[in-house]
Structure formats: structure tokens, C-alpha cells
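Dear colleague,

Please find below the structure I promised to hand over, together with its sequence. My notes on what turned up follow directly after it.

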Amino acid sequence: CARGNIWLQKEESDKAIADYTKSLQLDPDEPTVLTNRGMSWSMKGDDDRALKDFNRAIDADPEYADAYFKRAGLWSRRKEFARAIDDFGTAFRLDPTDPKPLLQRGELYRSQKQFKEAVADFSTLIQRDPKNETALYNRAQAWVDQEIYISAVADLPSALEPPGGCRPFRGRRLPSVFRRAHLRALFLRARRKSRSTARDFRAAR
């Protein structure tokens, strides 16, 4: 339903629901329309109706990845994290070309302090696309969560520079946590060389 999609993009949820409902009268089991109407219900804050539409979409087409992905977001908002993790995984398995499910599952793992699982998800995406900056950035955050600073710095493009500051990351200064990670990594490298080098590094900071 093209017009419904336009309303959804404009966040006109009531109008989107009306158009999707008319479309479903012609084809009650169309998974894309059901999923989009579910998103419209969710936009209105009616998660119960949204869940019914996502479930109907999955029943109609168990291979439709987007329905699992959208339902995972709903589970996550409801703090039903185990269900969200399962649905994110299913969405990625069905459509491994879309990085969003693993990115969001990785962030969910981080929020639950399951840092190893978060790193594993981000690493899967990086293996598929070594230039996926979002995955690199998020994995660096997961390394910092574990105080594995050297690995965090390695995930940031050109992060290891001579003492004196970090290079901008795509036109932005690195967040302070990564500036600290950079300094910490250099300190650890210096400490391995000699105590005197470490003292010099601290004085230079």
C-alpha cells in the first residue's frame, strides 16, 4: 500500500492504519502490509495490536525477516530481552545482507552487560564488511566496557597516533571515552617499554 507507506514515513499513524486496513481487506495475509500496520500501531503506543499484526505477518510468511526485526524492537521496548534477542537473530539469519538486526542485538547485549556476546555480533558484521564504521564504533565501545583499551583503539580508524591527540573520526572529535582509551592504550605500550618511558608519557599528558 504505497499511500500507507507515505503516511507511515510522515508519522501519520492513523491515516497509515486506515490505508493498510483497506489493503488488508483485499489480501488479509500480506506480510509487508501487516508489518507496516504493526509499526503504525506501535507508533501510536498500541503495542498489543502491533504485536498481533507482527505475529500475523510471521504466520503468513515465516521467512519474512522484517516482521521478526520489528517484533524484536517491540520485545526490547517491553524489556522482554530474551525474545528480542531471538527475533533479532532470526531476522539476521533470514536476511544476512541487512546489518541492523545484529547491530541492535549487539547494543541490547551491551545494555545487559553481556559484552562478549556484543563483541561477537559486531565482529560478525565487521568480518562481512571491514569498513562498517558503525560496527567498529560499537565494538570499540564494548571493548571499553571491558577495559580492553588497546582493542578499542584498534577499532577506530587511524586512532593510534603519536602522543598529542586523536585524529577526527569522520569529521568529529572522538568522544571523550575514546580519547581516554587512546591515552590508556599508549600508556600501556609505554609501560611495557620501561618505567622511565611511562613516566615521560605521564608528564607529557
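Helices in these notes are DSSP runs of H or I with at least four residues, numbered from the N terminus. The model is a predicted one, in which local features need pLDDT of at least 70 and side-chain atom pairs count only at pLDDT 80 or more, while totals for chains, interfaces and linings use all residues. Residues are numbered from 1 along each chain as its sequence is written, and side-chain values use heavy atoms, with hydrogens and water left out.

I begin with the charged pairs. The structure holds twelve salt bridges, a salt bridge being a side-chain nitrogen of Lys or Arg within 4 Å of a carboxyl oxygen of Asp or Glu. In one of them Arg110 pairs with Glu107, with 3.5 Å between the closest N and O atoms; both residues lie in helix 7, three residues apart, which is about one turn of the helix. Arg110 also meets Asp145 in a salt bridge of 2.6 Å, N to O, and this pair links distant parts of the chain, since Asp145 lies in helix 9 and Arg110 in helix 7, 35 residues apart. Through shared partners, salt bridges join Glu107, Arg110 and Asp145 into one network. Arg110 is buried at 19% relative accessible area, where buried means under 20%, exposed over 50% and partly exposed in between, with a 1.4 Å probe and protein chains only; Glu107, at 29%, counts as partly exposed, and so does Asp145, at 31%.

A further salt bridge joins the side chains of Asp47 and Arg77 (3.8 Å, N to O); because Asp47 lies in helix 4 and Arg77 in helix 5, the pair ties together parts that are 30 residues apart in sequence.

Helix 4 itself has buried residues that include Asp47, Leu51, Phe54 and Ile58. Seen down the helix axis, the buried residues of helix 4 fall within an arc of 165 degrees (taken from the directions from the axis to the C-beta atoms), so they line one face of the helix. They pack against helix 3 and helix 5, whereas the face turned away from the buried side carries the exposed residues Asp48, Lys52 and Asp59.

Technical notes:
Helices (H or I, at least four residues) and strands (E, at least two) are DSSP runs, numbered from the N terminus. Contact means heavy atoms within 4.5 Å.
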